[in-house]
Amino acid sequence: MVSRVIPVDPFDLVLFGATGDLAHRKILPGLFHRFVVGQMPDTARIIGTARSAISADEFRATVRTAILEQAGEEAEQDDVLNTFLSRIDYVAVNATGPEGWDDLASRLRPETVRAFYLSVAPSLFSEIASRLHSGGLATADSRIVVEKPFGRDLQSARELNAGLRACFDEHQIYRIDHYLGKETVQNLMALRFANSLFEPLWNSTHIDHVQVTVSESIGIEGREAYYDKSGAMRDMVQNHLVQLLCLTAMEPPSKFTPNAVRDEKVKVIEALDPVPDGDIARGQYRADTGDDSYLDHVGDPDSRTESFVAMKVRVANWRWSGTPFYLRTGKKLRARESEIAVVFRDPPHTIFPNVGHLRGNVLVIRLQPDEGITLRTTIKDPGPGGLRLKEVSLDMSFAEALGADNRPQDAYERLVMDVIRGDQTLFMRGDEVEAAWTWADPIISAWEERTDRPAPYDAGSSGPEDALMLMHRDGRRWRQIGE
Ligand SMILES: NC(=O)C1=CN([C@@H]2O[C@H](COP(=O)(O)OP(=O)(O)OC[C@H]3O[C@@H](n4cnc5c(N)ncnc54)[C@H](OP(=O)(O)O)[C@@H]3O)[C@@H](O)[C@H]2O)C=CC1
Ligand SMILES: O=C1O[C@H](COP(=O)(O)O)[C@@H](O)[C@H](O)[C@H]1O
């Protein structure tokens, strides 16, 4: 049985960078899944482009292979896969030269939603936008989607915004942060704003602190050149972790519209205090048995790029004064585990004899691997023998609760369909990205002036000792990774 899906309007999706890694691992398999569940109308078309001079048949063959690798059982029905592939075309286009643009223009249909997905290096964004505009390929209703990283500092983000806005209106620009497409991230908004239970408690009177963890067990996996110039702060914190913080901390938007939601997120970013150096722990993984260290992976024994960051962040507004947000993320950690843990204050008094200190409730929003929501509560330990207390979790796993037919969508499949629908709620607005860089830039600049190295941590651990200390000195503890 297929879940409730509302088909989108007919579209021409032009995928720049169609021969690349992201297109083959995420975007095309995601589109295939949307096709399988019936969301892509019969008249939808995907036009892949890149410089490679390959035929449409050759391109389709690579897409077939990628889908068979990524999409699981659904891809085994050959007729379904063949029908999907018949919607795919390919045109060789050079983003920085005249070759291929007229051919591409001739394939686009009038009266059809046009989306141009730029899965290419950010250095190509402005030039592609300009050629789409000057060649008349983009209409007033067309959408342009750009991948991360959106700049490496405020200055470059402003330049990218200027390049895109010279040719497209803000309502046409979709800046991807794939964390916003994750099912549980949206569930955080539903949890907060569709229930009356939590919102009265959602403030510093009741919440002691919030922990946002994005722990990865993988390393930099063939992306050395990019990662060593970025590090965890630019790669993960400035975008994904700041977005998670925003959705946790923001005020209720007046309505669920793209600008109402994004206005509230911008206010949170603008309320972030500068983070003093003493509130940050940076780490770099060292060799594990049978594996190399970060320095071996990037081939630079002097690299000072961090593969781990933990920090204490303060949101300087009425709601959150006195409730810090602790963020941490890193590569080669003990487990792949991402969550937002909202730690409530301890009960102020206990009426139970011989129980000692009662711990506060913890609401955990699990992003991955097992998406769901857990509430840690204290109950009576069942059975005879007097009243003893015990901590238990009220647990909701989405996979179990919703059943296999309603498995959470991959972030990319949701986001691509949102583009076609013209819904920008889960995309970053230009001012939002600039605000996040305004906050992150001084932190990064301070590191760049220093000569010391990030603290080493063992691959497979929970990160460097400094990160533990960041919490311990406040009388708090990180939640365990990988338990
Ligand atoms: N891979 C990933 O996991 C992630 C990637 N991203 C971002 O997505 C984007 C794409 O990444 P990824 O797929 O890994 O990159 P790849 O290097 O694998 O692919 C780049 C693509 O761009 C095409 N290309 C390069 N130069 C030109 C040009 N002058 N004109 C037209 N096409 C060109 C290449 O094809 P050809 O050489 O044939 O022209 C290729 O299809 C980047 O912005 C990256 O930061 C974001 C998150 C994760
Ligand atoms: O954007 C990025 O995200 C991935 C982690 O994404 P996830 O969905 O697997 O949690 C990270 O590995 C990568 O370095 C970063 O560029």
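I began with Lys182, and I found that, leaving aside residues up to four places away in sequence, Lys182 touches Leu367 and Ala411. I note here that the model is predicted. Lys182 sits in the loop between β6 (173–175) and α7 (183–193).

I looked up Asp235 next, and I located Asp235 in helix α8 (residues 224–249). Asp235 is buried, with 23 other C-beta atoms within 10 Å, and, again not counting residues up to four places away in sequence, Asp235 touches Tyr227 and Ser230.

I turned to the record, where an unreviewed UniProt entry places the feature "binding site" at His178, Lys182, Glu216, Asp235 and Lys331.

Which residues surround ligand 2? I listed Lys148, Glu216, Asp235 and Ser338 around ligand 2, and I noted that this shell divides into no nonpolar, 1 polar and 3 charged residues.

My last entry concerns helix α14 (residues 465–472), whose buried residues are Ala467, Leu470 and Met471. Seen down the axis of α14, these buried residues fall within an arc of 90°, so they line one face of the helix. On the other side of α14, I found Met469 and His472 exposed. I also checked what covers the buried residues of α14, and the cover includes β8 (280–286), β9 (308–313) and β10 (325–330).

Notes:
Residues numbered from 1 in each chain as written. Chains lettered and ligands numbered in written order. Predicted model: local features only at pLDDT ≥ 70, side-chain atom pairs only at ≥ 80, totals over all residues. Near = placed C-beta within 6 Å. Nonpolar A, V, L, I, M, F, W, Y, C, P; charged D, E, K, R; others polar. Buried ≥ 20, exposed ≤ 12 C-beta atoms within 10 Å, placed from the backbone. Helix = DSSP H or I, 4+ residues; strand = E, 2+ residues; numbered from the N terminus. Arc of directions from axis to C-beta. Contact = placed C-beta atoms within 7 Å. UniProt positions renumbered as here; feature names shortened; annotations may be inferred.
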